[in-house]
Amino acid sequence: MLKVDPRDKEKLIDPLFRTGPRFQWAVVALLAVIGWGVYMYVRQLVFGLGETGMTRPDYWGVYMVNFIFFIGISHAGTLISAILRVTGAEWRRPITRVAEAITAFALVVGTLQIIIDMGRPDRLMFVILHGRLQSPILWDVVSVTAYFLGSVTYLYLPLMPDAAILRDNCPEGTPAWQRTLYTVLALGWKGTRTQWERLEKAIAVMAVIIIPVAISVHTIISWILATTVQPGWHSSIFGPYFVVGAIFSGIGALFIAMTAVRKVLGLEQYIGPRQYRNLGLLFATMNAIWAYFTYAEQLSIAAGQQLDEFPVLASKLWGEFAPSFWVMVALMVVAFWVLVIPKLLPASAERVPVFRPRYALASATLAVVVALVLISPQRFPVSLALNAAQQIALTGPAVRTLGWAVVVLLMVGMGLGISPWLKARPVTASVIAAGCVVVGMYLERWNIIVPTMTHPRLIPYALYSPTLTEASLTAASLALFGLMFLVFFKLFPAVSIWEVAEGRVIEEAESKIVIPAPEPTEARRMRQWGIKKG
Amino acid sequence: MRWSMVIDLDKCVACQGCSIACRFENNTPAVKPSEAVRGRAMRWNDVFPMPINPTEDTGDYPNVQTRYLTRPCMHCDNPPCIKVCPVQATYKDEEGLVRQNYARCIGCRFCTVACPYGVRYFNWHAPEWDASLAQHLNPDRIQGEDDLEGPAVRPKGIVEKCTFCVHRLQKARARAKAEGRAFRPDEYVPACVQTCTGKARYFGDVDDPNSTVSLLAKSPRAFRLFEDVGTHPKVIYLREG
């Protein structure tokens with residue numbers, strides 16, 4: 001019989017055996033979305049991929065974007081938890097389970113996108129039977145398979161002692177299959193010293209192995225694009241760029257998932273400010289690296305102005321992809337602001353009248369009004385007046401440019417006003433930033449795939465808009481991801497019980513270490529010179 | 001032998017005869033107008049103005065200079081499409097033809113993405129023909145175990161492309177064998193070369209230094225499309241003017 005701390009039992013084990021209507025409704029809702037997706041997929045199978053919005057030259061669309069996005073999300077888990085384990089970051093303990101679960105499920109959903117995208121899914125086995133290792137797709141098959149097997153193992157190993165705890169602490173009336181599940185998964189775990197030593201060794205080895213595999217996965221996805229000669233893709237920084245983007249979006253997903261778990265299961269005492277602060281620092285760093293890579297990537301194309309490549313960039317900067325590109329940039333800026341500025345703000349800032357939510361609201365309203373005036377269609381009198389002003393002020397600064405500068409200034413004002421509010425609510429701030437980043441990274445994948453596809457060398461430029469089929473399957477994929485997450489955390493504790501218990505022991509031991517206070521300089525000199533204080 | 005095509009743009013009148021001949025030789029289905037608008041028309045052999053996408057140098061009407069280009073598959077010596085295929089559904093045979101095996105293709109469309117010339121087409125829907133056309137499909141095909149090529153009707157969900165009428169090559173070889181003589185390279189031309197109104201297309205063995213294509217390839221007018229992307233195409237154009 002393995003014992004468990006009563007605190008952990010109440011918060012982590014007992015909820016597993018209480019199924020409320022909330023859980024059932026969530027499962028039904030997710031199943032409905034998945035069912036609709038299955039129907040749309042069968043339609044696509046029967047009528048062909050023509051049911052999607054894909055065309056010539058846009059041979060890859062939303063499915064490919066989803067694939068890269070989900071595989072990126074999968075880097076939340078294993079990579080982050082492995083790096084934190086290897087470096088011995090103590091604060092990782094309550095969030096590793098959530099992170100590792102994201103990895104396994106995102107990989108399943110991501111791989112599914114490729115099968116959905118195939119013209120002949122019935123020939124899937126050809127990839128194994130006739131696979132050409134020279135093709136980047138085969139590299140991907142190999143690395144994603146390795147990553148999936150590795151991360152499932154990596155999810156399972158720390159789960160084993162928890163399964164044993166559950167096996168021994170099942171309340172009366174637990175269904176037999178659930179007991180069997182825990183018994184099988186516990187693999188006869190008794191918690192002996194040898195078993196612990198073996199487990200620790202296995203986890204340590206897996207943590208080291210999984211890091212290069214995870215990096216290879218997203219590098220190879222970028223190489224699918226970068227090994228072609230297509231304008232905008234044939235870039236040598238794509239490998240690291242994609243890895244950074246993957247970890248970045250992965251942390252975003254982790255923030256959202258761990259906040260959801262914390263909120264729904266009431267795990268505030270496990271997942272606390274320490275996790276949010278440290279992960280937030282990692283998040284802000286990845287944001288900066290991602291911005292650096294994005295800038296470097298666009299700069300080399302902009303400066304080169306090659307006939308094939310430049311139209312791709314132009315379509316992002318001011319063409320048909322400008323909305324998705326600039327919204328992406330704006331979201332990342334907002335995320336960075338939300339993560340960093342409130343932390344820099346001194347506590348006394350709250351006394352300054354500018355740093356008030358009231359002021360932020362006023363600024364935001366004003367910014368929206370000015371922006372609306374600036375983008376108002378030609379037929380409105382205010383737009384005509386602006387044009388007239390532009391004509392008059394031709395020699396001076398352009399009125400519209402000034403207007404946009406005012407909008408930016410007002411936005412900054414709003415950001416400053418809201419900062420103390422965010423500072424007081426680190427969890428909300430993290431979730432806002434994470435939401436911005438996850439959406440922004442989805443747009444980033446879109447901005448990489450679609451503009452290049454629609455600006456080929458020898459095919460007329462085209463437009464791509466997804467159809468209902470693609471939207472439904474994307475929604476169903478998200479629902480499937482949510483459902484797997486939900487069911488998994490109905491069966492297993494969201495926080496690794498034994499790791500948290502181990503962390504408590506370490507903390508307790510550390511608290512007993514007494515570090516003597518440094519001797520004052522004066523006292524030291526007196527001692528050295530042999531002067532007794534008289 | 002390495003098969004190569006020369007297209008003399010001085011002689012080309014942009015009549016699109018090559019496109020039509022190709023369509024009927026290779027059973028390329030015509031798509032509905034609504035699909036064609038979405039860019040899903042299939043033209044293994046396409047004819048279009050160059051540059052196909054307007055640039056700053058194209059000029060505005062009426063001060064424009066329009067050229068036309070006809071574009072079969074380039075049958076590159078270094079084809080980007082076969083390098084990315086995960087299942088060897090597309091491959092270069094020993095005579096330099098880049099071929100497509102419909103029985104193998106899994107429809108991942110990586111080759112269509114990788115080809116800088118846009119010569120590859122995907123079957124978004126199952127092919128359809130009007131009643132009378134459906135009765136007059138070309139019966140030729142190359143079929144073997146785990147192999148289906150040439151004009152054989154393609155199912156939905158796979159990629160197809162210009163084959164330099166590889167079934168004609170096979171037939172010419174079979175005829176020579178049946179007549180008990182050696183096969184000569186001039187016994188085989190693709191349908192587009194045979195039909196070309198302006199006799200602008202030449203076809204032959206570029207390994208033979210005395211063949212027409214080898215001699216024309218040395219012309220100072222000769223150029224290849226996108227030589228800078230390193231594909232080494234075997235379709236050689238002769239510049240206008």
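1. Strands here are DSSP runs of at least two residues marked E, and helices are runs of at least four marked H or I, each numbered from the N terminus. With that in hand, here are a few spots worth a look in what is a predicted model.

2. Start in chain B, with Pro51(B). This proline lies in the loop that links strand E2 (46–50) to strand E3 (67–71) of chain B. As background, most peptide bonds are trans.

3. Chain A has a cis bond to show you as well. Arg56(A) and Pro57(A) are joined by a cis peptide bond with omega of about 10°. To find Pro57(A), go to the loop between H2 and H3 of chain A.

4. While you're in that loop, what about Asp58(A)? Asp58(A) sits between helix H2 (21–47) and helix H3 (62–73) of chain A. Which side chain of opposite charge is nearest to Asp58(A), and how far away is it? That is Arg109(B), 8.0 Å away. A salt bridge needs a Lys or Arg side-chain nitrogen within 4 Å of a carboxyl oxygen of Asp or Glu, and Asp58(A) has none, even though this residue is buried. Setting aside neighbours within four places in sequence, Asp58(A) touches Val450(A), Met453(A), Thr454(A) and Tyr464(A).

5. Next, take a look at helix H13 of chain A, residues 310–317. How many of the 8 residues in H13 are buried? The count is 6, so the helix is mostly covered, given that buried means under 20% relative accessible area. Those buried residues are Phe310(A), Val312(A), Leu313(A), Ala314(A), Ser315(A) and Lys316(A). The cover over them includes three helices of chain A: H12 (273–304), H14 (322–344) and H18 (426–454).

6. Back in chain B, check the backbone at Gln16(B). Gln16(B) isn't a glycine, yet its phi is positive, at about 70°. You'll find Gln16(B) in the loop between strand E1 (3–8) and helix H1 (17–25) of chain B. Gln16(B) counts as partly exposed because its relative accessibility is 42%. For context, most residues other than glycine have a negative phi.

7. Last stop: Asp146(B). Here too a residue other than glycine has a positive phi, this one near 55°. Asp146(B) belongs to the loop between strand E7 (142–144) and strand E8 (147–149) of chain B. Is Asp146(B) buried, exposed or partly exposed? With a relative accessible area of 32%, Asp146(B) is partly exposed.

Terms used:
Residues numbered from 1 in each chain as written. Chains lettered and ligands numbered in written order. Predicted model: local features only at pLDDT ≥ 70, side-chain atom pairs only at ≥ 80, totals over all residues. Heavy atoms only, no water. Buried < 20%, exposed > 50% of the residue type's maximum accessible area, 1.4 Å probe, protein only. Lys, Arg positive; Asp, Glu negative; His and termini not counted. Contact = heavy atoms within 4.5 Å.
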